[in-house]
Amino acid sequence: MKKIIIFSIAVITIFSACNKVDYIAKGENKFDLVFITTNKDAENYWAPLTTLVDEYFGTVIIPLNSDSTKAMMQLQKMMDERKPATMTLFFTSEAANICNIFCSNNKEKISMSIPIDDIEQWKQILPEYMQATKDFYSEYEKRVDLLTKNGFNDADTTQCEWNYELTAEEKEKIMNYFQLDTLINDKKETWQKALAIGKFVSTNIPHGNQKTQPLAKDAITLWEFTKAVEPAINCRLHSFFTSQLLTSAGIKNRILTCLPYDSTDGDCHVVNIVWIPEQKKWAMLDTDQSIIVVDENGTPLSPFEMRRQYTEGKHFTILSNYTEPIDNMDYYTSYMAKNTCWFASPVDYADTIQNCLVPVGMKPWAYKNNYISTQSEIEFSKE
């Protein structure tokens with residue numbers, strides 16, 4: 001249950017929630033509302049608000065002394081330890097200085113900061129805000145429940161094969177065109193080489209739903225398209241571009257479409273998965289969003305493993321720009337819970353036939369007859 005923690009000093013009040021680890025592990029909520037005010041009569045001042053949120057959050061009052069510096073240190077310590085998944089900061093004007101310090105120290109954890117002085121404004125905003133939060137997590141829980149109820153079957157003997165090959169001439173052309181030898185260090189492990197390529201792609205080609213389609217999906221054509229026609233491309237074209245760079249650099253990879261359960265939902269996401277021979281596993285490289293996902297030990301995860309993390313109630317961390325832990329990526333967490341129900345991957349760069357991994361009882365509804373379908377995650381995720 002969520003808690004309201006009141007710092008009775010100059011006064012800092014926090015509506016706190018459990019962090020992402022707790023949420024995924026225990027099925028609890030993980031949302032923080034933070035209130036900063038210098039109103040000295042904290043308990044009475046916030047009474048109308050605590051009445052509004054009591055049913056959903058619960059209430060705990062922690063009195064502190066009048067040392068605001070010490071209080072800020074305690075607050076910061078709690079923030080660092082809790083790592084709230086997302087936080088919205090409300091503050092009254094007389095607490096602007098405290099707010100500025102707090103925001104400056106917690107830039108990655110603050111989703112919004114909103115100045116509000118009128119208690120009536122609080123009373124109007126909070127119910128809507130909390131309802132939106134409830135709706136968000138309710139939807140998240142439904143998505144995870146769908147994953148749990150729609151599992152795979154490794155007894156399926158259907159076989160899948162891939163052939164992501166480029167000719168020696170094509171590889172050399174791509175290596176030279178993009179000067180990939182300046183990006184990757186041969187002494188580094190495979191995953192570090194892949195990350196270097198991922199950073200190059202994300203830095204130079206942003207996400208966007210292009211209005212026109214490029215003439216082809218090879219790396220050089222796509223690059224020239226972004227320089228001469230439209231500067232950004234969608235996730236699918238991102239994945240084809242990235243894949244050919246990886247292949248040219250000698251890194252085994254696949255293009256992977258991550259799809260939802262609902263056949264009326266036309267929204268999916270396309271990423272790359274990279275084979276890491278040193279770890280004998282696949283890992284997701286999302287150059288479209290500049291994201292990778294790691295488990296509690298820092299091991300990079302594939303979308304298949306992310307799916308299991310959801311269904312087994314385990315924690316994973318989203319790394320923005322491939323290195324920076326982001327705790328308030330609720331949208332991506334829920335988005336991928338929706339889009340890891342089943343998967344499709346083109347057999348080769350011609351992109352005419354898809355290998356599909358589908359739950360028991362499901363057909364690859366996004367494709368007609370141009371697919372090979374298996375229910376075996378072991379077969380689909382083989383090297």
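## Exercises on salt bridges

In this predicted model, the side chains of Lys217 and Asp351 form a salt bridge, with 3.6 Å from N to O.

**Exercise 1.** Work out which parts of the chain the pair Lys217 and Asp351 ties together.

*Solution.* Next, consider accessibility: Lys217 has a relative accessible area of 30% and is partly exposed, whereas Asp351, at 17%, counts as buried, because buried means under 20%.

**Exercise 2.** Determine where Arg236 lies, and how many residues in sequence separate the parts that it and Asp351 tie together.

*Solution.* The side chains of Arg236 and Asp351 meet in a salt bridge at 2.7 Å, N to O. Arg236 belongs to helix α10 (residues 235–248) while Asp351 sits in the loop between β13 and β14, so the parts tied together are 115 residues apart in sequence. With a relative accessibility of 23%, Arg236 is partly exposed.

**Exercise 3.** Identify the helices that are tied together by Arg308 and Glu377, and decide whether Glu377 is buried or exposed.

*Solution.* A salt bridge of 2.2 Å, N to O, links the side chains of Arg308 and Glu377. Since Arg308 lies in helix α11 (residues 303–311) and Glu377 in helix α13 (residues 377–380), the pair ties together parts 69 residues apart in sequence. Arg308 is partly exposed at 33% relative accessible area, and Glu377, at 14%, is buried.

Conventions. Residues are numbered from 1 along each chain as its sequence is written. This is a predicted model: local features need pLDDT of at least 70, side-chain atom pairs count only at pLDDT 80 or more; totals for chains, interfaces and linings use all residues. Side-chain values use heavy atoms; hydrogens and water are left out. A salt bridge is a side-chain nitrogen of Lys or Arg within 4 Å of a carboxyl oxygen of Asp or Glu. Helices (H or I, at least four residues) and strands (E, at least two) are DSSP runs, numbered from the N terminus. Buried means under 20% relative accessible area, exposed over 50%, partly exposed in between (1.4 Å probe, protein chains only).
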